[in-house]
Amino acid sequence: MAGFPGYGALAPKTKNLVMAGGLSAFVFGVYYYTMRAVGGSDELQVAIDKFEEAKHNSESEASLAPKP
């Protein structure tokens, strides 16, 4: 990494810590961006709730039907 002056003079453990910090910051940034991008809508949860309600209603109607 010739672009950073003084980076080559660091000890190997220090280089690893710098790299780990940079990668962690990148991953956190991507995670934060993704959660902000999709976090505004609960469309999936609403669809799941409707499905569960319909499933429960059909099961309760089936249990109330007379059995021959």
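Me: Is Glu52 buried, partly exposed or exposed?
Reply: Good place to start! In this predicted model, local features need pLDDT of at least 70 and side-chain atom pairs pLDDT 80 or more, while totals for chains, interfaces and linings use all residues. Residues are numbered from 1 along each chain as its sequence is written, and side-chain values use heavy atoms, leaving out hydrogens and water. Buried means under 20% relative accessible area and exposed over 50%, with partly exposed in between (1.4 Å probe, protein chains only), so Glu52 at 42% is partly exposed.

Me: Which helix holds Glu52?
Reply: Helices are DSSP runs of H or I with at least four residues, and strands are E runs of at least two, numbered from the N terminus. The protein has two helices and zero strands. Glu52 sits within residues 43-64, which form helix α2.

Me: Where does Met35 lie?
Reply: Met35 has 41% relative accessibility, so Met35 counts as partly exposed. Its place is within residues 12-38, that is, helix α1.

Me: How far apart are the end C-alpha atoms of residues 17-34?
Reply: An unreviewed UniProt entry annotates residues 17-34 as "transmembrane region"; such annotations may be inferred rather than shown by experiment. In the model this span is 100% helix and 0% strand, and its end C-alpha atoms lie apart by 26 Å.

Me: What percentage of the 68 residues is buried?
Reply: Let's finish with the whole protein, where two helices make up the secondary structure, with zero strands. Among its 68 residues, the buried share is 1%.
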